Amino acid sequence: MRINALKKSKGYAQAPSKSRAPSSEPRERNCSVGRTVDLLGDSWTFMILRECLFGARRFESFQSVLGLPRGTLATRLKKLTSQGLLRQVQYSDRPVRSEYRLTKMGMDLYPVFLSFLRFGDDWESGRKGPPLQLTHLECGAECKPEVSCSHCRQAVTISRVSYRDGPGAGTSPLERTGRRRRPSDPTRIEQSRPCSVARTLRIIGDYWSFMVMREGFFGVTRFDEIQSNIGIAPNILTDRLNRLVRDDVFERRKYQDAPERFEYRFTAKGRDLYQPMIAMLRWGDKWFSREEPPLLLTHLDCKHDFDPVVVCDKCREPLHARGMKYVMRYPDPLKGKK
Ligand SMILES: [Zn+2]
Ligand SMILES: [Zn+2]
């Protein structure tokens, strides 16, 4: 049955009208990333999760750090709880009070955040340098997180990874939700704390930008092909490509004169987005696709299939939220405001 479903989804079968959509309808690659980007691309949600990973648990602590309206905070906490990222735990009887703790699924976002942090530190921190100093408690070293191969623990880069379809591969009817909003202004996030993760999110936290870059990582570089693969409106695609060129993620190159045609190739910075993107894809596949990953990754250096893991660049051990110490390198704008 599974095979049939796969064949159908790849368009082999003379699928009678049983398949959910007629073949003329736009389809997209199976990928849990839509849900992942929708979830992480919301700046308030993201800020709350970040504070959780830094150890915040109570309504009042979220509120005092983030300074967001009580109603907004309550809504987001409720949503994160229903999505399975947070759980409510009662810590006092009289009066009844509860706090929010990360579930396994929520905790598992830690490597994703670290991969965002590393990218932001490397490419977006400007003259002031990375805002946060990380110490890995296990080895005692000041460390940088590195997205690595779960098999050999060496850092992975885009040119050293090949991919092939996994059991969950295929395409599904394109979801037209009509609510692919851009994430809110990251400067708002940074009002509470300078944050490399927020800076990375500015690029990667937009659904369409993410999808366009994902096509780039699959080797798709031309406008028409990107457009038909992801079912994006031409004006939105033009807008996102322009943004990505402006952010130095893509380089625009002419490949044909009459008529003029351009393709979009990753810059060095763009290629470095591969690490946070595969960390995010892995998280989404693990928690939204269950046991059927649409994509399998092979590390060409060690020739093994791998999961991206985030390790300490000094001792090569995986990094966990509780095994880290953070020091702000420059003043936290919140301090002194209170
Ligand atoms: Zn490897
Ligand atoms: Zn270490």
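This is a predicted model: local features need pLDDT of at least 70, side-chain atom pairs count only at pLDDT 80 or more; totals for chains, interfaces and linings use all residues.

**Helix packing, close up**

Modeller: Let's start with helix α7 (residues 110-123) and helix α14 (residues 274-288), which pack at an angle of about 165 degrees with their axes 8 Å apart.

Who does the touching? On the α7 side you'll find Pro 111, Val 112, Ser 115, Phe 116 and Phe 119, and these meet Gln 275, Pro 276, Ala 279, Met 280 and Trp 283 in α14. Sorted by class, the α7 and α14 contact has 8 nonpolar residues, 2 polar ones and no charged ones. As a rule, an α-helix has 3.6 residues a turn, so residues three or four places apart point the same way.

Now for the core. The largest nonpolar core has 65 residues, and Phe 113 and Met 277 are the ones with the most contacts inside it. In soluble globular proteins, nonpolar side chains tend to be buried together. If you set aside the neighbours of Met 277 within four places in sequence, Met 277 is in contact with Ile 204, Met 213, Arg 214 and Phe 217.

Ile 204 takes us to helix α9 (residues 196-204), which is mostly covered, with 9 of its 9 residues buried. Besides Ile 204, the buried residues of α9 include Val 197, Leu 201 and Ile 203, but also Arg 199 and Arg 202.

Helix α2 (residues 33-40) and helix α10 (residues 207-217) pack at an angle of about 140 degrees, with their axes 10 Å apart. That makes α2 oblique to α10. The crossing of α2 and α10 is right-handed, and the contact is made by Val 33, Gly 34, Val 37 and Asp 38 of α2 together with Tyr 207, Phe 210 and Arg 214 of α10. By class, the α2 and α10 contact has 4 nonpolar, 1 polar and 2 charged residues.

To put these pairs in context, the protein has 14 helices and 13 strands. Of its 338 residues, 33% count as buried. Among contacts between residues at least 6 apart in sequence, 69% join residues at least 24 apart.

Methods: Residues are numbered from 1 along each chain as its sequence is written. Chains are lettered from A and ligands numbered from 1 in the order in which they are written. A nonpolar core is a set of buried Ala, Val, Leu, Ile, Met, Phe, Trp, Tyr and Cys residues joined through C-beta atoms within 7 Å. A residue is buried if 20 or more other C-beta atoms lie within 10 Å of its own, exposed if 12 or fewer, and partly exposed in between; C-beta atoms are placed from the backbone. Two residues are in contact if their C-beta atoms, placed from the backbone, lie within 7 Å. Helices (H or I, at least four residues) and strands (E, at least two) are DSSP runs, numbered from the N terminus. Axes are lines fitted to C-alpha atoms, for helices over the stretch in contact, and angles run from 0 to 180 degrees between N-to-C directions. Ala, Val, Leu, Ile, Met, Phe, Trp, Tyr, Cys and Pro count as nonpolar, Asp, Glu, Lys and Arg as charged, and the others, Gly among them, as polar. Angles under 35 degrees count as roughly parallel, over 145 as roughly antiparallel, 65 to 115 as roughly perpendicular and the rest as oblique. A crossing is left-handed if the near helix is turned anticlockwise from the far one by less than a right angle, and right-handed if clockwise.
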